Amino acid sequence: MTFLTPVQKELGRRNFLRALAGTPALVALGAASAMKGPLSGGPVRLGVIGVGGQGRTLVNNVDPAYGDLRALCDINPAQFASADEMIAKRGATPARHYAEWREMLQKEDLEAVIIALPLWLHADVTVACLEAGKHVLCEKMMAWDIAGCERMLQASERTGRLLEIGYQRQYNPVYQAAYEGIVRSGQLGDVYHARLVWHRNANWRRTGDPPSPDYDPSRWGYPTWEHLLNWRLYWKYSKGLFAELASHQVNVANWFFGADPDSVTASGGVHRFNDGREVYDHIYATFDYPGGRTATYSSIESNAFEDRYEIFFGTKATLFISGEKEALLFEEGGEQRPTGVQVTPAAGAVVDASETRPASAPGQATTIPGQGGEMPSPTRNQISRFCAAIRVGTPLACGARSGLESARACIRANEAVEKKTELTL
């Protein structure tokens, strides 16, 4: 958001909070929005399949009042140590380790499973867990192909088990307040255009050594250690930037528009990092929605000036959500007077990690006059609400159908790049 001046940023923050004044959406930005346990019936017995970077973020955000983390599963034994440390810091009982998820399901008395595996495995593992009677929280994107998404949804409906997809923005108080207090209330007017951006200046390739000199990942479908370590760079396992980044923001556009796109045009390619990767390092797309609405998307790996944001342009105002942390509002025309509300850094704030932001990155918390406290972690909220849905029927914020439509749009966008034509969804 470096293209806005400090004065513009401050004005946008104050306008946003002023627009929420006196509404329930304002409370969502304060500490009161954090879910509080314990649950009636006790914590849900959980297992986690996949404890890489995002898997460990999920482990670190399990509230013991909501989830009892019994078991961890990963084919790379080197992943367990840091996850164990996170659990120990909470004073919880150590989780048992497994290399095979089927063995974990057989031996552990679990009620629910959190899945943070490479994309190509989502459908098969999720369906098997649902059919084993477990509720499932599966990381985004829902599945590698549309057929896999549909299998997951059908398995959830057939077994009567909950299936949630890991779109943390749906559990982020900033987005919740923006939707309820600004979008849904009509303060933007008619919105015909949204701009979605996720720009970086870095190589997506990872480096690292196998857990042992004789480690053989081929038994799990990866011909080499490189394919396992950098699965995101190969089409067999991944859908690239559209899956890992764009699907988050397309999910927000679908949510705020209250509709799914009708068609997509897209372009992209490997323009910078010709290092053997298959997936694109630059992507661009235009998603057309019902009612003459359009969302444009870009993700590049050659410049980080704009970072990541979503902007919704309305006939009355513009809503700007930056870095998943703060929302700005700019009215169309007229003098805008700031109020005495500020956004300040919060020491020790819980910060989520992702492919673009390590767990140690600094965060911001929104300070509300008369409320105080820090913005709760969206990932923590998501896991707690997933557990509450199992125990007491609290509604899920995203749901499998929403996850399916976000995946459909992004899968078709990749196909549009390949076929160089507009595709219907």
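Analyst: Happy to! A term to start with: buried means under 20% relative accessible area, exposed over 50%, and partly exposed in between, using a 1.4 Å probe and protein chains only. This is a predicted model, where local features need pLDDT of at least 70, side-chain atom pairs count only at pLDDT 80 or more, and totals for chains, interfaces and linings use all residues. Residues are numbered from 1 along each chain as its sequence is written, and side-chain values use heavy atoms, leaving out hydrogens and water.

User: How many residues of α10 are buried?
Analyst: Helices are DSSP runs of H or I, at least four residues, numbered from the N terminus. Helix α10 covers residues 240-257. It is largely enclosed by the rest of the structure, because the buried count is 18 of the 18 residues.

User: Where does α10 bend?
Analyst: The bend at a residue is the angle between axes fitted to the seven residues ending there and the seven starting there. For α10 that angle is about 55°, and the place is A246.

User: Is the W255 and F256 pair stacked or edge-to-face?
Analyst: Rings of Phe, Tyr and Trp (its six-membered ring) pair if their centres lie within 6.5 Å; planes under 30 degrees apart count as stacked, over 60 as edge-to-face and the rest as tilted. W255 and F256 are both buried. Their ring centres are 5.1 Å apart and their planes lie at 65°, so the pair is edge-to-face.

Definitions and conventions: Helix = DSSP H or I, 4+ residues; strand = E, 2+ residues; numbered from the N terminus. Expected span 1.5 Å × (residues − 1).
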